[in-house]
Amino acid sequence: MAHKITHANGKYEFAYAGSAPWHGLGQRMPDVATKLDIMRAAGLEWRVVGEPIFLADGARVGGYIANVRSDTRETLGVVSDDYRVLQNGDAFEFCEQLARSAGAKYHTAGSIRRGRQVFATAKLPRSIVVVPNDVVDQYLLLVNAHDGSMGFHLRWTPVRVVCNNTLTAALGGRATYQYTVRHVGDLDAQLSEARRALGMAERYFDAAGTTYRALAAADLTAERFDAFLDGFLPVPQPSVDAPSSEAAVAERDRIILARDRVRALFETGAGTEIAGVRGTAWGAFNAATEWIDRVRTARKDGELRVGAAEAAVLGVGQELRDRAMTAALALAS
């Protein structure tokens, strides 16, 4: 299953407001949902309990504990004994406070990988209009891991409505848009700092809107689009001193194929029918993100590969998105 959404206690641990998601799973929740509403709808009312670990001979393993789901008794991960659990309810309470201050409403919530990672999004009331009929919605994303793989991660992220690509842009530090709270030390102090840092959402989205509109105003000739591809997906060139190995040739061919696919999306991809998108740096950036999120993660039959939805939630491919934004901005400067 490409979605990797947890199925436990007779239902999928996913809830949503509005139209059903692409995978067709989960429970619809009220358009205006509280923390309790969404946790109940998504089946996330369970807790994480830290339990000791013992060897076969009965000896206790020092320095480590197992994080166990309270309802299914499934082990989510083995962590050090200084690990501090941030329970689902506490994570959603923090998100609710932050979202309420920004006028946001819960949009989705769920868990993946048997509950090892829990996520939620809250949608802000205002959107970015890049050009007429091309709208970017604004969300708060939280991801909380119970397996020790990552901290409590929060991010303000824009999502383009027309193709549902995650467009977390590299805006050169002009606004804070993400924060990670580690599961060690003083969680309350870390959450207080996260609240302060993420409180600048309006500033971030103002900067994002300005950036996207600047990209839409920059027309690209075929030569300038080639320059974008060189910045986004540069083709490695063999040198006289270091001739290409078989692996290097295969990698070069893979990059050339990827560039051809991005070029095709630049001409006919999602949103290119909107006036002011096709043939611009904005269109180039969206072609790149469509390739990152949809083409690169799809099989030949068009179905998403295993883990593709998980990768979108957790921001896998962000380095490529940042590189695409940097290459597009270089042409809009």
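Mentor: Start with the second largest cavity, which is lined by Arg160, Leu265, Ala270, Thr272, Val277, Gly283, Asn286, Ala287 and Glu290. A cavity is a set of points on a 1 Å grid over the protein atoms alone where a 1.4 Å probe fits but cannot get out, and lining residues have an atom within 4 Å of a point. The model is predicted, so local features need pLDDT of at least 70 and side-chain atom pairs count only at 80 or more, while totals for chains, interfaces and linings use all residues. Residues are numbered from 1 along each chain as its sequence is written, and side-chain values use heavy atoms, without hydrogens or water.

The volume of this second cavity is about 40 Å³, taken as the space filled by probe spheres set on grid points joined across faces, edges and corners. The structure has two cavities of 30 Å³ or more. Helices (H or I, at least four residues) and strands (E, at least two) are DSSP runs, numbered from the N terminus.

Buried means under 20% relative accessible area, exposed over 50%, and partly exposed in between, with a 1.4 Å probe and protein chains only. In soluble globular proteins, nonpolar side chains tend to be buried together.

Phe232 shows some of the packing in detail. Leaving out residues up to four places away in sequence, Phe232 touches Val262, Ala288, Trp291, Ile292, Leu320, Arg323, Ala324 and Ala327; a contact means heavy atoms within 4.5 Å.

Next comes helix α1, residues 35-42, where Lys35, Ile38, Met39, Ala41 and Ala42 are buried. These five lie on the same side of α1 because they cover an arc of only 165° around the axis, the arc being that of the directions from the helix axis to the C-beta atoms. Their cover includes β2 (11-12), β3 (14-16), β4 (27-28), α2 (88-101) and β8 (105-112). Just after α1, glycine 43 has a positive phi of about 70°.

Arginine 113 has one of about 55°, and sits in the loop between β8 and β9 (117-123). Asparagine 133 has one of about 75°, and sits in the loop between β10 (128-131) and β11 (134-145). Arginine 113 counts as partly exposed because its relative accessible area is 29%, whereas asparagine 133 is exposed, at 69%. Most residues other than glycine have a negative phi.

For the chain as a whole, the secondary structure comes to nine helices and 13 strands. Of its 333 residues, 49% are buried. Among contacts between residues at least 6 apart in sequence, 61% join residues at least 24 apart.

Terms used
On a 1 Å grid over the protein atoms alone, a cavity is a set of points where a 1.4 Å probe fits but cannot get out, and a pocket is an open set with protein on both sides within 12 Å along at least five of seven lines; lining residues have an atom within 4 Å of a point.
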